[in-house]
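This report goes through a protein chain from its overall makeup to single residue pairs. The sequence and structure come first.

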Amino acid sequence: FPPLALLQKKSLGTTNMTYITILAIFVIILLTKTFLVVQQHETVVKERLGKPRGTLNPGFHFMVPFIDRAAYNQEMREQVLDVPPQSCITKDNIQVEVDGMVYLKVVDPYKASYGIGNYRLAAVNLAQTTMRSEIGKLDLDDTFTERDKINESIVREIDQASDPWGVKVTRYEIMNISPSRGVIETMEQQMSAERLKRAEITMSNGKKESQITISEGQRQYAINISEGEMQQRINEAEGRADAIRVVADATAEGVRLVSEALRQPGGSDALKVRLVEQYIQEFNKIIKTSDISVLPLEVAKIQTAVDGLRQVAMDGGAKK
């Protein structure tokens, strides 16, 4: 029957198509298992029948199908792992929440594949444990000021523990240290008190400096006044000394002139006349100021003698 023959032909074509499809899939799988391309940032650990057969570096590699397989694909670039926040107790029994970031790099793909099941999880857990231990050694204030010291301690501990894993920890960074709300309020009060203390110290220092400046000004003023008075007294003393010196010089000059006049002819008589005149003048002053008038008998004679002496002196000068 023609319809039956057509059906058989159609069934045969479908079967052939199925075989071709299966064959194509097999070839693709075979090629996939035979050839392997390793990326630049990766290293592949190869196993043959379940046993390690070395590592494959970046590039094109041939694999024995169904015998060789790429067991582990290790990332060779530096990796950044987030360390989740965790509760820690400081040395002064303050509870804080700390989180961070750990940076590591695979240096030995073989150890990273067979030395530990999951080196990323192990590194994060070890970082948390070490961080709790380091925070417990410090007071709360020190945890904020000694972050570098904590980071270095955590890196040292993790790097030492991760050496058998073929992993190198490059650094660790604490992201946040968050005390509880009550501790934050207490710290804010402490900071306010500290700022108030500093303000009071600043004001007291200002007052102290002001008083010192005022006292120094008063001291300098007193020194200037005393120096001025001393200089005034010195000037007055020098003035009096100069006056005495001038009077003495004038007196000496007068005595010198008198002595020279006495050496001249008639000089002695002139001196006597001058002395008598001064005597009479002083005697008249005494009489005027006295309540009782006293008249010596020889006054007329003295006056006559004076007149005679004056005439002789004048004659002598005229002749000279």
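Helices (H or I, at least four residues) and strands (E, at least two) are taken as DSSP runs and numbered from the N terminus. By that rule the protein chain has 8 helices and 8 strands. The model is predicted, so local features need pLDDT of at least 70 and side-chain atom pairs pLDDT 80 or more, while totals for chains, interfaces and linings use all residues. Residues are numbered from 1 along each chain as its sequence is written, and side-chain values use heavy atoms, without hydrogens and water.

**Overall makeup**

A residue is called buried under 20% relative accessible area, exposed over 50%, and partly exposed in between (1.4 Å probe, protein chains only). Of the 320 residues in the protein chain, 22% are buried. A contact means heavy atoms within 4.5 Å. Among contacts between residues at least 6 apart in sequence, 65% join residues at least 24 apart.

Two strands count as paired if DSSP finds at least two bridges between them. An open sheet of 3 strands has the order 3-2-5, with antiparallel pairing. Strand 3 (51-56) and strand 5 (68-75) are at the edges with a single partner strand each, so one side of each has no neighbour in the sheet. Strand 2 (residues 42-48) is joined to strand 3 by 4 bridges, and valine 44 stands opposite leucine 56 in strand 3.

**The nonpolar core**

A nonpolar core is a set of buried Ala, Val, Leu, Ile, Met, Phe, Trp, Tyr and Cys residues joined through side-chain atoms within 4.5 Å. The largest one has 29 residues, and Val98, Tyr119 and Tyr172 have the most contacts inside it. Elements that each supply at least two of its residues include strand 6 (79-89), strand 7 (95-106) and strand 8 (167-179). Helix 3 gives the most, with 7 residues.

**Salt bridges**

A salt bridge requires a side-chain nitrogen of Lys or Arg within 4 Å of a carboxyl oxygen of Asp or Glu. The whole structure holds 8 of them, including these:

| Pair | Closest N and O atoms |
|---|---|
| Arginine 171 and glutamate 78 | 3.6 Å |
| Lysine 137 and glutamate 134 | 3.4 Å |
| Aspartate 159 and lysine 168 | 3.0 Å |

Arginine 171 is partly exposed at 37% relative accessibility, and glutamate 78 is partly exposed at 39%. Glutamate 134, at 11%, is buried.
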